[in-house]
Amino acid sequence: CFTIAFTMAIFFVYMDFIATLFDKYTPVPESPLRTAIEDLAKSINFPLTKLYVVDSSKRSTHSNAFFYGFFKNKRNVLFDTLQDDTCNPKLGLDEDGNKRQIP
């Protein structure tokens, strides 16, 4: 019983307090990327409440993203290495970051 309670407490505290000691989390600025992610979340009824970008390029060049949270309090975190032009086609954006018209 103690182990379950401890694990749940750490889960709620980790991202807001512990992870911020090691990495810088900032909200994703208004951009076509943010709009595309929010639109995708709405289209699948994903309860996205916050969208962050973490400064990970100082440690790695790998692209990654994750989400965390319970119930209707889901948060997405993107590595800053995802904020280049290589992710645009996967989100339905053209080279300028505008939505592509699909015939």
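Visitor: Which strands does helix α2 lie across, and at what angle does the helix run to β2?
Guide: In this predicted model, helix α2 comprises residues 32-43. The helix lies across β2 and β4, and its direction relative to β2 is about 145°.

Visitor: In what order do the elements of the protein run from the N terminus on?
Guide: The secondary structure of the protein consists of two helices and four strands. Read from the N terminus on, these elements follow the order α-β-α-β-β-β.

Visitor: What is the order of the strands in the open sheet?
Guide: The four strands form an open sheet with mixed pairing. The edge strands, each pairing on one side only, are β1 (25-27) and β3 (65-68). From one strand to the next the twist averages 30°. The order across the sheet is β1-β2-β4-β3.

Visitor: In which sense do β2 and β4 pair, parallel or antiparallel, and over how many bridges?
Guide: Strands of a sheet pair through backbone hydrogen bonds, in either a parallel or an antiparallel sense. Strand β2 covers residues 48-54 and strand β4 residues 74-79. V54 stands opposite F79 in β4. The pairing of β2 and β4 is parallel, over six bridges.

Visitor: Which strands does helix α1 touch, and what angle does its direction make with that of β3?
Guide: Helix α1 spans residues 2-22 and packs on the sheet. The strands touched by α1 are β1, β3 and β4, and its direction makes with that of β3 an angle of about 135°.

Visitor: How are the rings of F2 and F6 arranged, and what is the angle between the planes?
Guide: A search of the whole structure finds three aromatic pairs, and F2 and F6 form one that is stacked. Both residues lie in helix α1, four residues apart, about one turn of the helix. The ring centres are 6.0 Å apart, and the angle between the planes is 25°.

Visitor: Which of these words applies to F2, buried or exposed?
Guide: The cut-off for exposed is over 50% relative accessible area. F6 is at 46% and therefore counts as partly exposed. F2 is at 64%, so the word that applies to F2 is exposed.

Visitor: Why is the pair of F66 and Y68 tilted?
Guide: F66 is partly exposed, with a relative accessible area of 31%, whereas Y68 is buried, with 12%. The ring centres of F66 and Y68 lie 6.4 Å apart. Planes under 30 degrees apart would count as stacked and planes over 60 as edge-to-face. The pair is tilted because its planes are at 40°.

Visitor: Is D23 buried or exposed, and at what relative accessibility?
Guide: D23 lies in the loop between α1 and β1. Not counting residues up to four places away in sequence, D23 touches V54, D55 and R59. Buried means under 20% relative accessible area. D23 therefore counts as buried, its relative accessibility being 15%.

Visitor: Which backbone oxygen does the side chain of R34 reach, and at what distance?
Guide: R34 has its place in helix α2 and, at 15% relative accessibility, counts as buried. Leaving aside neighbours within four places in sequence, R34 is in contact with V28, P29 and L51. The side chain of R34 reaches the backbone oxygen of V28 at 2.7 Å.

Visitor: What is the phi of N45?
Guide: N45 has its place in the loop between α2 and β2 and counts as exposed at 68% relative accessibility. Most residues other than glycine have a negative phi. Although N45 is not a glycine, its phi is positive, at about 55°.

Visitor: What share of the residues of the protein count as buried?
Guide: The accessible surface of the protein comes to about 7,500 Å², of which 62% belongs to carbon and sulfur atoms. The protein has 103 residues, and the share that count as buried is 26%.

Technical notes. Residues are numbered from 1 along each chain as its sequence is written. This is a predicted model: local features need pLDDT of at least 70, side-chain atom pairs count only at pLDDT 80 or more; totals for chains, interfaces and linings use all residues. Side-chain values use heavy atoms; hydrogens and water are left out. Buried means under 20% relative accessible area, exposed over 50%, partly exposed in between (1.4 Å probe, protein chains only). Accessible areas come from the Shrake-Rupley method with a 1.4 Å probe; for residues, only the protein chains shown count as cover. Two strands pair if DSSP finds at least two bridges between them. Axes are lines fitted to C-alpha atoms, for helices over the stretch in contact, and angles run from 0 to 180 degrees between N-to-C directions. Contact means heavy atoms within 4.5 Å. Rings of Phe, Tyr and Trp (its six-membered ring) pair if their centres lie within 6.5 Å; planes under 30 degrees apart count as stacked, over 60 as edge-to-face and the rest as tilted. A polar contact is a pair of N or O atoms within 3.5 Å; within protein, one must be able to donate a hydrogen and the other to accept it, and residues adjacent in sequence count only if both atoms are side-chain atoms.
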